[in-house]
Amino acid sequence: QVQLVESGGGLVQAGGSLNLSCAASGRTLSNYGMGWFRQAPGKEREFVAGINWAGTITADSVEGRFTISRDNAKNSVFLQMNSLNAEDTAVYYCAATMSNIQSIRAVEYWGQGTQVTVSS
């Protein structure tokens, strides 16, 4: 059984940074696309960033501020978030899929989520 466990969320002031981590267990996910989604209160879950064999992709709303990376040896994926603003406040979810990492419906495995709160 695959488990994804996120860490690194918390409270940060606007303009600050956080680095989220997601560690996978249960199977090696080096052949999977991995990524991050987020869900703000009252809003739908949305794609943030993904990484697979083809490279990385980030949503327009975080382009230039967020960077996704992975360490296959550690079966982990990371999200470095800089220049945070109040609109980034959400629960951030780690995801893995063999299909389109930008598609919520394609996600095969989800983490439990980690809260990121940006104070203005």
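Buried here means under 20% relative accessible area and exposed means over 50%, with partly exposed in between. That scale will be handy in the close-ups below, all drawn from a predicted model.

**View 1. Arg38 and Glu46 form a salt bridge.** Their side chains meet at 2.7 Å, N to O. Arg38 counts as buried, because its relative accessibility is 6%.

**View 2. Asp88 takes part in salt bridges with Arg38 and with Arg65.** Start with Arg38, whose side chain meets that of Asp88 at 2.9 Å, N to O. This pair links distant parts of the chain, 50 residues apart: Arg38 belongs to strand S4 (residues 33-39), while Asp88 is in the loop between strand S8 (76-81) and strand S9 (90-97). Both Arg38 and Asp88 are buried. Now turn to Arg65, which meets Asp88 at 2.7 Å, N to O. Here the partners are 23 residues apart, with Arg65 in the loop between S6 and strand S7 (66-71). Arg65 is buried, as is Asp88. Through shared partners, salt bridges join Arg38, Glu46, Arg65 and Asp88 into one network. The count for the model comes to three salt bridges.

**View 3. Phe37, Phe47, Tyr93 and Trp110 make up one aromatic cluster.** The structure holds four aromatic pairs. One of them is Phe37 with Phe47, edge-to-face, at 5.7 Å centre to centre and 75° between the planes. Phe37 sits in strand S4 and Phe47 in strand S5, ten residues apart. Phe37 counts as buried because its relative accessibility is 0%, and Phe47 counts as buried because its value is 13%. Phe37 also pairs edge-to-face with Trp110, at 5.2 Å centre to centre and 65° between the planes. Trp110 is partly exposed because its relative accessible area is 30%.

**View 4. Arg45 lies over the faces of Tyr93 and Trp110.** Look for Arg45 at 3.6 Å from the ring centre of Tyr93 and at 4.6 Å from that of Trp110. Tyr93 and Trp110 both belong to the aromatic cluster of the previous view.

**View 5. Strands S5 and S6 pair in the antiparallel sense.** S5 covers residues 46-52 and S6 covers residues 55-58, with four bridges between them. A hairpin of two residues joins S5 to S6. To get your bearings, find Ile51, which stands opposite Thr56 in S6.

Conventions. Residues are numbered from 1 along each chain as its sequence is written. This is a predicted model: local features need pLDDT of at least 70, side-chain atom pairs count only at pLDDT 80 or more; totals for chains, interfaces and linings use all residues. Side-chain values use heavy atoms; hydrogens and water are left out. Two strands pair if DSSP finds at least two bridges between them. A salt bridge is a side-chain nitrogen of Lys or Arg within 4 Å of a carboxyl oxygen of Asp or Glu. Buried means under 20% relative accessible area, exposed over 50%, partly exposed in between (1.4 Å probe, protein chains only). Rings of Phe, Tyr and Trp (its six-membered ring) pair if their centres lie within 6.5 Å; planes under 30 degrees apart count as stacked, over 60 as edge-to-face and the rest as tilted. A charge sits over a ring if NZ of Lys or CZ of Arg is within 6 Å of the ring centre and within 35 degrees of the ring normal.
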